[in-house]
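Let's explore a protein chain together, one question at a time. Have a look at the picture first, then read on.

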Amino acid sequence: MLAKLSTRRAARHCAGVGAVALALLGAGLPVVGADEPQPDLSPFYRQKVAWSACKGPDMPKDLQCGKVTVPLDYARPGAGTLEVALARYRATGRSRGSVLLNFGGPGGAGIPELARGGKDFMGLTNGYDVVTFDPRGVGRSSPVSCGEGSDEAFAATEDAADPGDPQAVLEQVRKAAAECAQHSGPVLPYIGTVNASRDLDVMRQALGDKKLNYLGFSYGTRLGAVYATQFPDKVGRLALDGVDTLTEPLAEQGVAGAAGQQTALDDFLDWCVTDLACPFGQDRRAAGDQVVRLVHSMDEDPVPTAFGDRFSGQDLVGAIGQALYSRELWPLLERALASLVEDGDTRGVENFASGGMALSPGRAGDGGLVDADDVPADNLTAALMAINCADDPDRPAAGQISRDLQRLRAEYEQASPVFGRYRLTQLVMCYGRPRGTDFIRDRVKDVHTPKMLLVGTRGDPATPYRWTVETAARLGPSAVVLDNRGEGHTGYSSSKCVHRKVDDFLLYGSLPASGSSCAADTPSAVTG
């Protein structure tokens with residue numbers, strides 16, 4: 001997924017050759033040319049995870065934490081290392097090994113997510129230790145940051161949506177990229193999904209698993225697909241929910257994202273106008289127009305916040321986009337919008353905009369794990385930009401970007417009068433950063449693995465259903481598609497049918513027929 005997140009307010013407040021060869025064979029090195037020399041990774045593949053109780057007031061007592069050490073640069077494993085943080089719930093009965101979870105982002109830390117939402121995965125503990133991790137550059141694992149200038153870094157991309165002087169804006173973006181490089185430490189040049197996938201294989205070995213069993217959501221599906229390409233012989237049961245694109249450039253992703261979010265907003269407004277408490281009244285067409293006017297008015301005259309900041313229309317768009325990820329959040333969004341419209345109170349929508357985060361300014365790590373309290377407040381957004389740019393090979397020149405901004409503005413606004421301008425900023429996100437890898441776009445295809453389960457949701461605002469179909473076709477016959485006819489981003493937590501079928505696959509190897517579907521759950525559970 002290529003969601004555009006903002007945490008600006010959160011940032012303010014908040015022994016011989018033979019033995020070595022045998023060890024490497026067992027480790028399952030990625031598929032490379034037969035004549036290419038192999039670096040010695042055996043020390044990393046011999047480690048085991050030492051588990052202990054997770055520390056912190058928000059950590060469940062039965063959640064255990066550990067770590068693995070990985071090379072900073074897999075091509076030069078002696079040039080430095082970093083530690084990757086892990087957490088697990090133990091299997092309740094006899095364990096057949098581990099299932100690893102990635103919750104998406106990119107930039108999302110797995111450990112706090114499992115601590116908060118672990119109950120959704122307790123069914124998997126019937127057969128597995130349920131394990132998650134903070135990927136390199138994320139959370140406690142050498143977190144990247146844009147430092148004290150994070151506000152300027154993120155604002156630079158936002159200004160690109162309506163630039164008076166495109167060249168000046170691009171220079172601002174380039175300077176912001178340099179700030180991020182300065183504050184992110186040595187991990188930044190080695191961030192991205194290709195290396196994160198190799199870290200995943202080190203984790204698999206350290207956990208004692210011959211094959212990787214994996215459940216990835218949203219961006220986590222990209223990570224799973226890359227792993228299947230690099231380590232096809234090590235694939236166990238892979239389930240991918242909310243399937244990301246492997247081929248679309250940033251401009252096309254932005255249009256698709258804007259259209260998907262507009263559909264989700266339309267669905268929310270269809271529900272909202274049936275409630276007398278809806279701040280936009282009961283006329284559906286008028287409600288849509290009011291949202292557009294509200295965004296425009298707040299862009300022209302931002303609303304003061306309790307902290308003395310200014311909350312703009314684009315800030316509001318970001319908040320609404322986060323709230324639309326789950327139908328269960330609709331009542332909260334309705335109340336937050338009512339407080340904004342009726343009382344000028346931004347606190348409710350600010351909670352959505354910041355994702356509820358209020359972390360310390362922190363600093364980037366030096367290879368060892370950082371304490372949870374020292375994770376930089378801007379890590380989520382800094383990591384999102386860094387990883388997406390590391391995965392994207394396109395670096396158009398300034399002139400081309402300027403022309404694209406002019407050419408695509410109308411297309412984006414046609415896709416969504418609310419989210420179009422907001423998503424247009426993706427065109428400049430990677431300007432001034434090194435060119436990313438072409439591995440994903442060129443080589444992640446036609447995998448030869450056991451069957452994988454891909455779940456696509458029809459009403460997904462972030463990863464359109466067609467991406468599931470296109471990615472399945474690209475991966476080849478190994479991919480089995482489950483069509484979730486519900487709403488929201490991903491299906492595992494929102495659809496009982498999807499949840500059951502994914503668990504049945506991971507636990508028992510039971511796959512639905514490709515193309516089979518899950519009906520939408522009844523919406524009665526959504527109440528104001």
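Two strands count as paired if DSSP finds at least two bridges between them. Keep in mind that this is a predicted model.

Q: Which residue in strand β12 stands opposite D483?
A: Strand β11 covers residues 479-487, and strand β12 covers residues 516-518. These two strands pair in the parallel sense over three bridges. Opposite D483 stands S517.

Q: What is the handedness of the crossover from β11 to β12?
A: On the way from β11 to β12, the chain passes through helix α19, residues 496-508. This makes a β-α-β crossover, and its hand is left-handed.

Q: How many bridges join β10 to β11?
A: Strand β10 spans residues 452-459 and runs parallel to β11. The number of bridges joining β10 to β11 is seven.

Q: Through which helix does the chain cross from β10 to β11?
A: This is a β-α-β crossover, and it is right-handed. The helix between the two strands covers residues 465-475, and its name is α18.

Q: Is β11 largely enclosed or largely open?
A: A residue is buried when its relative accessible area is under 20%. In β11, seven of the nine residues are buried, so the strand is largely enclosed.

Q: How far apart are the end C-alpha atoms of helix α7?
A: Helix α7 has 14 residues, 193-206. At 1.5 Å a residue, α7 should span 20 Å. The model agrees with this, because the end C-alpha atoms are apart by 20 Å.

Conventions. Residues are numbered from 1 along each chain as its sequence is written. This is a predicted model: local features need pLDDT of at least 70, side-chain atom pairs count only at pLDDT 80 or more; totals for chains, interfaces and linings use all residues. Side-chain values use heavy atoms; hydrogens and water are left out. Helices (H or I, at least four residues) and strands (E, at least two) are DSSP runs, numbered from the N terminus. The expected span of a helix is 1.5 Å times one less than its number of residues. Buried means under 20% relative accessible area, exposed over 50%, partly exposed in between (1.4 Å probe, protein chains only). A crossover is right-handed if, with the strands pointing away from the viewer, the path from the first strand over the helix to the second runs clockwise.
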